Amino acid sequence: MRWITHLGGARVTLGVGLTLIVLGEPQLGFATLCANAGSHLLVQVLKRAVARARPCDAMGRPLALVDLPDPHSFPSGHAAAATAVAVTVALAHPLLSPLVLPLAAMVAYSRVALRVHHVSDVLAGVILGMGGAIGATHLLR
């Protein structure tokens, strides 16, 4: 799960967009970058507005099995980023859906399995990622 969770990090999700541009799919690459940026902006605003603590034990210590990027739990940025990229790619190339959508789902699940997020954090991140993907896809048509 620790390896899977990093697929939702900035290096991978931004790297996918840049790779698509280099490989001759500039519109799709730009769409994935826009979807990721749009969802990330909303994630950061909500993280600071809600300021929900990450899953903790009874003594208030985080239960996370990986390093925490910040103290706020809601919503999951990794789930949002992975979903934004996967849904954008799936909308452009539906035949890739069976590959990219389960990967995004695995990233989302990993955030709960690694005790970094509550289930509702991940669900909110997925919704934000889907919104970013749909918005970027329509914006760039």
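User: Which residue forms a salt bridge with Arg 54, and how far apart are the closest N and O atoms?

Analyst: In general, side chains of opposite charge can pair when their charged atoms come close. Here the partner of Arg 54 is Asp 70, with the closest N and O atoms 3.1 Å apart. Both residues lie in the loop between α3 and α4, 16 residues apart, and the pair links distant parts of the chain. A salt bridge means a side-chain nitrogen of Lys or Arg within 4 Å of a carboxyl oxygen of Asp or Glu. Helices are DSSP runs of H or I with at least four residues, strands are runs of E with at least two, and both are numbered from the N terminus.

The model is predicted, and local features need pLDDT of at least 70, side-chain atom pairs count only at pLDDT 80 or more, while totals for chains, interfaces and linings use all residues. Residues are numbered from 1 along each chain as its sequence is written, and side-chain values use heavy atoms, with hydrogens and water left out.

User: Are Arg 54 and Asp 70 buried or exposed?

Analyst: Both Arg 54 and Asp 70 are buried. Buried stands for under 20% relative accessible area, exposed for over 50%, and partly exposed for values in between, with a 1.4 Å probe and protein chains only. Asp 70 has 18% relative accessibility and therefore counts as buried.

User: How many salt bridges does the structure hold, and which residues are linked in a network?

Analyst: The structure holds three salt bridges. Lys 47, Arg 54 and Asp 70 are linked in a network. The side chains of Lys 47 and Asp 70 meet at 3.7 Å, N to O. That pair also links distant parts of the chain, with Lys 47 in helix α3 (26–50) and Asp 70 in the loop between α3 and α4, 23 residues apart. Lys 47 is buried because its relative accessible area is 3%.

User: Which residue meets Arg 52 in a salt bridge?

Analyst: Asp 121 does, at 2.8 Å, N to O. Arg 52 is in the loop between α3 and α4 and Asp 121 is in helix α6 (residues 119–139), so this pair ties together parts 69 residues apart in sequence.

User: Which residues does Ser 73 touch?

Analyst: Not counting residues up to four places away in sequence, Ser 73 touches Lys 47, Arg 52, Ala 53, Arg 54, Pro 55, Val 116, His 117, His 118 and Asp 121. Contact means heavy atoms within 4.5 Å. Ser 73 is found in the loop between α3 and α4 and counts as buried because its relative accessibility is 0%.

User: What stands out in the backbone?

Analyst: The peptide bond from Phe 74 to Pro 75 is cis, with omega near -10°. Pro 75 is in the loop between α3 and α4. Ala 51 has a positive phi of about 50° although it is not a glycine, and it lies in the loop between α3 and α4. Arg 115, also not a glycine, has a positive phi of about 65° and is found in the loop between α5 and α6.

User: How do helices α4 and α5 pack?

Analyst: Two packed helices are described by the angle between their axes and the distance between the axes. Helix α4 (residues 77–92) and α5 pack at about 175°, with axes 9 Å apart. Therefore α4 is roughly antiparallel to α5. Contributors to the contact include Ala 79, Ala 82 and Ala 86 of α4 and Val 100, Leu 101 and Ala 104 of α5. Axes are lines fitted to C-alpha atoms, for helices over the stretch in contact, with angles from 0 to 180 degrees between N-to-C directions. Angles under 35 degrees count as roughly parallel, over 145 as roughly antiparallel, 65 to 115 as roughly perpendicular, and the rest as oblique.

User: Which residues form a nonpolar patch on the surface?

Analyst: Leu 96, Leu 99, Leu 103 and Met 106 do, with about 330 Å² of accessible area together. Leu 103 is in helix α5 (residues 97–113) and counts as partly exposed at 34% relative accessibility. Patch residues have over 30% relative accessible area and no salt bridge; like charges are joined within 9 Å, nonpolar side chains (Val, Leu, Ile, Met, Phe, Trp, Tyr) within 5 Å. Accessible areas come from the Shrake-Rupley method with a 1.4 Å probe, and for residues only the protein chains shown count as cover.
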